[in-house]
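Hi,

Here is the structure I promised to pass on. Have a look first, and then read my notes below.

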Amino acid sequence: PKSSTLATFVKKLTVRKLCHEQVITAVNGSLPGPTLRVREGDKLVVHVLNESPYNVTIHWHGVFQLLSAWADGPAYVTQCPIRPGHGYTYKFNITGQEGTLWWHAHVSWLRATVYGALIIRPRSGHRYPFPKPHKEIPILIGEWWNANVVNVESQGRLSGLPPNNSDAYTINGRPGDLYPCSKKQTYKLKVVQGKTYMLRIINAALNNQHFFKIANHRMTVVSVDAAYTEPYLTDVVVIAPGQTTDVLVTFDQRIGSYYMAAKPYASTVPAIPFDNTTTRGLILYEGDTSPAPVMPALPDFDDTPTAHRFYTNLTGLAGGPHWMPVPLHVDEHMFVTVGVNLLRGGQRFAASMNNESFVLPSRLSMLEAFFDNVSGIYTTDFPDKPAVKFDYTNPNIGNTSLIFTKKSTKVKKLKFNSTVEIVLQNTAFLAIENHPIHVHGFNFHVLAQGFGNYDVVNGPKCFNLVNPQSRNTIAVPVGGWAVIRFQANNPGVWLAHCHLDVHLPLGLAMGFQVENGPTPSSTLPPPPPDLPKC
Ligand code: C2O
C-alpha cells in the first residue's frame, strides 16, 4: 500500500455549452474534475483549497471512512464547510473495497459541476475476479443547467416550489450531438476490435436515474458501488444517482462506430416534469470509415419493469474479494418511510423519513457535537417506525396528520457493531416516486425489494441472505420498498439520504450515530487540527 497526495483547487471556470457561455465552479480547471486512481489499502491525502466564492466540502461517495469520519465531507454533518479562501486536508484509507466510487461537493447543488471518479484497483499482486480488461474507462453521467446551480437550488428552497429542470445530461462532461451547439462536445472512445474494455459507469446526475446502452453490444456487470457482483450479462444498465456500475464490454462487432447513450428512467405517479433528453457518446472502432454510427434503442422513460429486472437480477460475488457474509442476527429493526410531504402550517413542499423532515445544523457539525458531547445540535430520538401504520402507497390524502411533516435534526443511535435492518417504504402523499437512498460510511446488503406495501409477516421469507448485492445507494422502487441490512462497525455520525438533490434540501434524510467501541481501534480519533470552523 502506498500513500497518494493530491492538491485540488476549487475555483471558477468558464465553459461554453449548449450555445451559452457560463461560469461554473470546478476542480483543477476541468469538468468532470480529476480522476483519482488508487489501490485497495492505499492512503489518500487530498488538500482542498477553496478559491471559489462559495462554501465547499468534498464527499468521497461510498468510501467506508473507517475511523476517519472527519474526512467524510457532508456539510454540517461531519464538518463545517470550507469557506472561500480556506482549505482542508482530507486524509483516509481505502480498505475492504474495490471497484468504482466517486467524489463530489456535498453542499448546496455544487456537485453538479464539482465531481469526479475514484477508481480503486486491487492491491499489487492481487487480481480482479475476472480476466483483466484491455483498458478501463470512466463514464460519468452528469446533469447540466444553463444557470448557476447554487441559485437554482436556493430559489427552489426559498420559494418552496420545485426548482428548474436541467437543460442537458452529459457523458464525461459532454452533452453529445443531440443537443444544440454540441456536435463537437460529444465524448469519443476509440476501441480496438476484439478487445474487452471495462466501463466504470457513475451516475453523477442530480435528479434522475438513467438507462445506459451501447448499440449492438452487450455488457457484463462485474461490480456495483465498489463491491463485486456475480457476472450479469445485460443489454441495458439502470443506474440511480450515487450508484456506480462496472461493466465489461467486448468490442466484437463489425468495424464501425456505435453510440453509447443515456436517458432518464423517471417513473412517478402523477408524472412530474423532468428533462427527458438523451446524451450520447461515440465508440469508434480503430480503422472505422463508416459515416453513420448505430444508435441503441433505449427503453421508455417510465419503463419500470426493465429497471426492476436489472436491479433485482444483480447478486453479490459471495466468497469473492472483500465479500462480507450477511449478518444473520439483527439487533435493530427499523421501518422507515421515504417520501414527499407538505410542511405543517403551509403549502410548502417538504420531504421526510418517518415524517421527520431533516434540517442541517449551522452552528457546529454533528460529528463535532458527538465528539465533544455538545447538546442542542441534534437529538437521538429518530423513530424506529412511523407513528401510525397506514396504507403507504395509497394514503388517505384527507388525513392531514400524515401528509404534513415537521422539521427536526434527528439521528438513530446505534451500538458499536450492532446489526441494523431497515425496511425503506415509499409513501404516496403527493406522488409515488423512486428514491435512491444513500447511506454514508457503510455498504449494506440489499435483502429484498418490491412494490406496494411491505409485508412485515411474509417479507422475510423472500430475503436473499446468501449472495445479496452490496451497495451504498439503493433505488427504492417507485411505490414500493427495499430491505437493507448492515453492521454499524464505524463510530461517528453518518448521513442517510435521498440522492436526488431536489429532495435532500427538502429534508429526505436522517442520521445514524454509531457509538465508539471498547478499544482504541474502535474509537473515533480526535478531529484534525485544520477541520474548518462554522
Ligand atoms: Cu453522494 Cu451524501 O452523498
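Before anything else, a word on burial: a residue is called buried if 20 or more other C-beta atoms lie within 10 Å of its own, exposed if 12 or fewer, and partly exposed in between, with C-beta atoms placed from the backbone. This is a predicted model, so local features need pLDDT of at least 70 and side-chain atom pairs count only at pLDDT 80 or more, while totals for chains, interfaces and linings use all residues. Residues are numbered from 1 along each chain as its sequence is written.

Let's begin with the overall layout. The chain splits into domain 1 (1-126), domain 2 (128-313) and domain 3 (332-522); these bounds come from an automatic or database domain assignment. Between the centres of domain 2 and domain 3, taken over C-alpha atoms, there are 28 Å. Their contact involves 26 residues from domain 2 and 25 residues from domain 3, where contact means that the C-beta atoms of two residues, placed from the backbone, lie within 7 Å. On the domain 2 side, helix H1 (149-159), E15 and H2 each give at least two residues, and H2 has the largest share, with four residues. Helices (H or I, at least four residues) and strands (E, at least two) are DSSP runs, numbered from the N terminus.

Next, a sheet. Four strands make an open, mixed sheet in the order E3-E8-E7-E5, where two strands pair if DSSP finds at least two bridges between them. E3 (36-39) and E5 (58-61) are the edge strands, each pairing on one side only. E7 (residues 99-105) and E8 (residues 115-121) are antiparallel and share six bridges; Gly-99 is bridged to Ile-120 in E8, and Leu-101 to Leu-118. E5 and E7 also run antiparallel, joined by four bridges, with Ile-58 partnered by Ala-105 in E7. As for E7 itself, seven of its seven residues are buried.

His-59 lies in E5. It counts as buried because it has 27 C-beta neighbours inside 10 Å. Leaving aside residues up to four places away in sequence, His-59 touches Asp-72, Gly-73, Pro-74, Trp-103, His-104 and His-106. Its C-alpha atom is 7.8 Å from that of Ala-71, 12 residues apart along the chain.

Finally, some backbone details in the loops. The Leu-31 to Pro-32 peptide bond is cis, with omega near -10°, and Pro-32 belongs to the loop between strand E2 (20-27) and E3. The bond from Val-269 to Pro-270 is also cis, with omega near -5°. His-322 is not a glycine, yet has a positive phi of about 65°. His-322 is in the loop between H2 and strand E20 (332-343) and counts as partly exposed, with 17 C-beta neighbours inside 10 Å. Cys-181 has a positive phi too, near 55°, and is partly exposed, with 13 other C-beta atoms within 10 Å.

Cheers
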